[in-house]
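Please find below some notes on the model, arranged as numbered points.

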Amino acid sequence: MVINRNKEDEEEKEKQKEGLPAETVLVLQGGGSLGAYECGVYKTLAKHNIKFDIVSGTSIGALNAAIIAASAHNYDSIKNSAQELEAFWLELAETLIPLPAQLSSAYFTDESRAILASMYSAIYGNPKAFSPRWITSSFFFNYLQPFRQFPYPLFDIAPLKKTLSHYVDFTKLGNPDRPRLIVTSTNIQTSEPVISDSKHININADHVIASAGFPFYGIAWTQKDGRYLWDGALLSNTPLREVIDASPVLDKIVYLVNIFPHYQKELPEDMFEAWHRARDIIYTDKTDNNVRLSKVISRYLSLLKEMHDLLMITSNVKLKEKGDEIQSNAKLKERFDKMELEYNKLVRRRGAIIKEIVRIERPEKVHFLFEDADFSVATIRN
């Protein structure tokens with residue numbers, strides 16, 4: 001208890017410093033192979049030397065965030081971290097069509113390539129990301145029997161953990177010169193979010209991989225610290241709220257990558273298009289309410305501060321006027337002390353507001369349900 005008390009006091013002292021800068025935050029969504037778009041976004045941000053204090057992500061966004069957080073420790077290294085992230089994605093990319101890029105584009109449309117690539121992933125997986133369990137003899141023996149239910153999991157995520165470990169030195173996460181990493185997953189049994197924060201724990205590959213176990217594609221869960229964890233996108237595909245909860249003191253400037261389009265002019269014409277649009281709506285960014293609430297709280301806190309300051313001045317004047325009778329006002333003083341404590345908790349420990357939010361939206365020309373399973377080289381490069 002003493003340790004927690006001191007920690008909270010330190011946070012209060014930090015908040016009271018004049019001219020404290022806002023934290024710059026990068027928020028990355030989940031979305032399978034669409035995470036390559038986040039790589040392109042980060043490459044552009046790196047060109048502008050934008051340095052992040054916190055990098056947050058879920059699902060594939062958690063993997064992107066881990067690579068960035070482990071390698072971007074100063075302005076000189078930001079571009080190197082973008083190169084590391086790009087190398088990771090090019091390693092995941094698969095050459096399904098043995099043709100030069102120019103010929104591939106001429107003979108295959110974006111949609112036909114996505115269909116071919118997603119079918120390949122569904123059958124054979126991805127050697128650098130997820131391996132199919134159906135090719136093992138035990139799978140056939142246990143599941144391919146009459147009246148047997150469709151098995152789960154279909155894919156083992158161990159290859160992705162191995163690939164990620166080539167690009168992330170987990171011993172560097174949590175260092176003061178590195179961005180703070182926050183990744184999210186979902187507790188299968190309790191339906192509760194599990195937040196892994198490099199400020200408080202030593203994040204390893206299992207914490208990050210746990211965030212990417214997407215059950216709808218048959219990807220396995222991760223067992224970690226006595227819990228069974230699935231994809232963090234099941235609860236929140238845009239982990240901004242989790243950032244504010246984890247860092248409630250400093251104001252925020254947020255860069256948010258939204259890879260599931262908010263708006264689509266064309267209406268669905270068949271069930272696959274309907275499922276695709278519904279999927280986009282489910283996983284698109286929904287933080288507008290958080291931003292509006294942040295602004296409302298900011299106004300409330302400003303008003304509360306004025307009331308608090310006025311009340312403290314008035315009470316001090318009255319107590320001084322009483323002179324020797326101050327002892328008889330012990331109860332009044334005790335009430336003011338409690339009020340001061342609650343005020344500090346509310347304002348100084350939960351006072352973070354979103355000062356600015358920059359949204360980067362992924363454009364979408366072709367609406368294909370399984371586009372997030374397209375790991376073809378041409379698509380990843382695009």
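1. R277, R279, D280, R362, E364, E371 and D372 are joined in a network of salt bridges (a side-chain nitrogen of Lys or Arg within 4 Å of a carboxyl oxygen of Asp or Glu). The model is predicted: local features need pLDDT of at least 70 and side-chain atom pairs pLDDT 80 or more, while totals for chains, interfaces and linings use all residues. Residues are numbered from 1 along each chain as its sequence is written, and side-chain values use heavy atoms, without hydrogens or water.

2. R279 is in helix α11 (residues 271-283) and D372 in the loop between β10 and α14, 93 residues apart. Helices (H or I, at least four residues) and strands (E, at least two) are DSSP runs, numbered from the N terminus.

3. R279 is buried, at 10% relative accessible area, and D372 is buried at 9%. Buried means under 20%, exposed over 50%, partly exposed in between (1.4 Å probe, protein chains only).

4. R362 pairs with E371, the closest N and O atoms being 3.6 Å apart. R362 is buried at 11% and E371 at 9%.

5. The structure holds 14 salt bridges. In one of them, E86 and K43 have their closest N and O atoms 3.1 Å apart. E86 lies in helix α4 and K43 in helix α2, so the pair ties together parts 43 residues apart in sequence. E86 is partly exposed at 27%, and K43 is partly exposed at 29%.
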